[in-house]
Amino acid sequence: MSGGTTLAEKVWDSHVVHRPAEGPDLLYIDLHLTHEATSPQAFDGLRLAGREVRRPELTLALEDHNVPTDSLIIEDPVSRVQIETLRRNCQVHGIELYSLGQHRQGIVHVVAPALGLVQPGMTVVCGDSHTSTHGAFGALAFGIGTSDVEHVLATQTLALARPRAMAVEFAGAPGPGTGAKDLILALIAQIGPNGAQGHLIEYRGEAVRALSMESRMTMCNMSIEAGARAGLVAPDEITYAYLSSKPHAPKGSAWNDALACWRTLRTDESATFDAAVIVDVSALTPLVTWGTNPVRRSRWTAWCPILAPSAIQPGRPRRGGPSSTWTWLPGWRCARSASTPFSSGRAPTAGSRTCAPRRALSAGARWPPGSACWWYRARWACGRRPRKRGCTRCSRRREHSGGCRAARCAWA
């Protein structure tokens with residue numbers, strides 16, 4: 001890469017402890033966030049190897065993933081064992097822990113920014129894929145697995161292959177009511193749910209600079225839904241204002257020194273990226289999603305695209321007549337994974353066979369042979385009541401369908 005350097009390169013290079021001739025770089029980790037779900041095996045590995053936590057003051061533990069939201073009593077036995085194990089491990093190794101019931105306990109991706117623990121130019125890791133949330137502060141933040149959690153605990157370093165760099169430029173100003181989630185959904189719709197695989201995204205543009213820190217965290221959090229390794233935003237005055245009042249932010253002269261350093265954390269004009277995407281958001285409006293794939297989205301003012309408007313009647317399915325139709329979105333994928341307990345249809349997976357674009361089915365018509373796309377298709381595509389209780393799709397298969405075996409739709 002000739003010329004200048006990107007923001008990600010600046011942070012990465014400043015944390016390299018060792019760079020071998022071949023293989024991944026060894027990076028120093030500034031902040032390690034951990035919780036009860038991915039840490040027990042890591043601490044067991046330390047114990048079996050006779051190792052200690054190298055820098056316990058750089059690790060913060062939170063009871064997060066397995067705690068109830070409506071009680072301080074953990075009734076699930078497996079969750080209770082995980083929580084008790086985390087408490088014991090933190091006590092043995094001198095790690096600060098925010099336990100259930102403490103005023104600072106909460107979601108790991110929220111607590112660390114709220115306390116000012118995450119700051120521009122830092123490297124942050126956690127045993128959770130959405131650690132990319134912290135990239136909103138101009139930090140390199142990665143989700144890691146249990147073996148990596150053990151490595152960080154033991155050495156305060158992590159071996160990582162440098163991801164490719166992708167610049168995402170949001171061009172134009174989005175419409176009223178449009179937020180960070182709408183921006184990232186527009187990106188995913190353009191590049192696909194795996195379009196940023198192997199890349200670290202830097203979000204740029206006027207629309208990004210206008211976002212609050214909470215919105216930037218939302219955007220960076222969903223980098224994973226685009227297939228990216230992580231995402232980040234260059235720090236600016238909004239970042240500094242957010243951090244200035246946080247308990248763990250630098251104070252006094254240290255704040256001025258930190259600001260001077262943070263202001264250098266931006267991509268040079270002469271820097272180049274491995275990939276660049278421009279997303280025009282000038283006509284973007286608020287979006288809604290459904291199902292399990294972020295590509296499935298629609299404007300909130302539009303009809304849900306899986307149904308033709310004429311097929312919908314308030315309170316009950318429309319019965320009979322050619323107006324009871326079904327409409328496909330071009331490029332949708334049929335599914336071929338295992339059957340769900342609620343349907344003999346197969347759950348949707350990416351990369352499977354493409355459904356016929358905009359295929360319409362009149363009432364009582366057969367579903368395309370062999371297809372397994374679902375949603376509300378059986379309910380709205382036909383004009384019959386359920387032949388058997390529990391039938392939820394068009395299918396010639398009987399398992400999980402309450403005995404329905406006809407190829408025709410069972411609902412509506």
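The following legends describe close-up views of a predicted model.

Residues are numbered from 1 along each chain as its sequence is written, and side-chain values use heavy atoms, with hydrogens and water left out. Because this is a predicted model, local features need pLDDT of at least 70 and side-chain atom pairs count only at pLDDT 80 or more, whereas totals for chains, interfaces and linings use all residues.

**Figure 1. Overview of the chain.** The secondary structure comprises 11 helices and 16 strands; helices (H or I, at least four residues) and strands (E, at least two) are DSSP runs, numbered from the N terminus. Of the 412 residues, 49% are buried, where buried means under 20% relative accessible area, exposed over 50%, and partly exposed in between (1.4 Å probe, protein chains only). The accessible surface of the chain is about 19,500 Å², and carbon and sulfur atoms account for 52% of that surface; the areas come from the Shrake-Rupley method with a 1.4 Å probe, and for residues only the protein chains shown count as cover. Among contacts (heavy atoms within 4.5 Å) between residues at least 6 apart in sequence, 68% join residues at least 24 apart.

**Figure 2. The aromatic pair W12 and F142.** The whole structure contains 5 aromatic pairs. Rings of Phe, Tyr and Trp (its six-membered ring) pair if their centres lie within 6.5 Å; planes under 30 degrees apart count as stacked, over 60 as edge-to-face and the rest as tilted. The rings of W12 and F142 are edge-to-face, at 6.3 Å centre to centre and with 85° between the planes. This pair links distant parts of the chain, since W12 belongs to helix α1 (residues 7–13) and F142 to strand β7 (residues 140–143), 130 residues apart. Both W12 and F142 are buried.

**Figure 3. An aromatic cluster and a charge over a ring.** Y240, W255 and W262 form one aromatic cluster. The charged end of K246 sits over the ring of Y242, 4.2 Å from the ring centre; the criterion is that NZ of Lys or CZ of Arg is within 6 Å of the ring centre and within 35 degrees of the ring normal.

**Figure 4. Surroundings of P235.** P235 lies in the loop between β11 (230–233) and α9 (237–244). P235 is buried because its relative accessibility is 0%. Not counting residues up to four places away in sequence, P235 touches P120, F137, G138, Y240, W262, L265 and R266. Two of these, Y240 and W262, also belong to the aromatic cluster with W255. The C-alpha atoms of P235 and T264 are separated by 9.3 Å, although the two residues are 29 apart along the chain.

**Figure 5. Packing of helices α2 and α5.** In α2 (residues 40–49), the residues P40, A42, F43, G45 and L46 are buried. The buried residues of α2 pack against α3 (77–93) and α5 (146–155). In α5, V149, V152, L153 and A154 are buried. The buried residues of α5 pack against β3, α2, β4 (59–62), β6 (123–126) and β8. Q156 is a residue other than glycine, placed in the loop between α5 and β8 (157–160). Q156 counts as buried because its relative accessible area is 0%.

**Figure 6. The loop residue T38.** T38 is located between β3 (31–35) and α2. T38 counts as buried because its relative accessibility is 16%. A polar atom of the T38 side chain lies 3.5 Å from the backbone oxygen of G127. A polar contact is a pair of N or O atoms within 3.5 Å; within protein, one must be able to donate a hydrogen and the other to accept it, and residues adjacent in sequence count only if both atoms are side-chain atoms. Leaving aside residues up to four places away in sequence, T38 touches G127, T146 and V149.

**Figure 7. A61 and the cysteines C90 and C261.** A61 lies in strand β4 and is buried because its relative accessibility is 0%. With residues up to four places away in sequence not counted, A61 touches T34, L86, C90, I95, E96, L97 and Y98. The C-alpha atoms of A61 and C90, 29 residues apart along the chain, are separated by 7.6 Å. C90 is buried, with a relative accessible area of 3%, whereas C261 is partly exposed at 45%. The count of disulfides (pairs of cysteine sulfur atoms within 2.5 Å) is 0.
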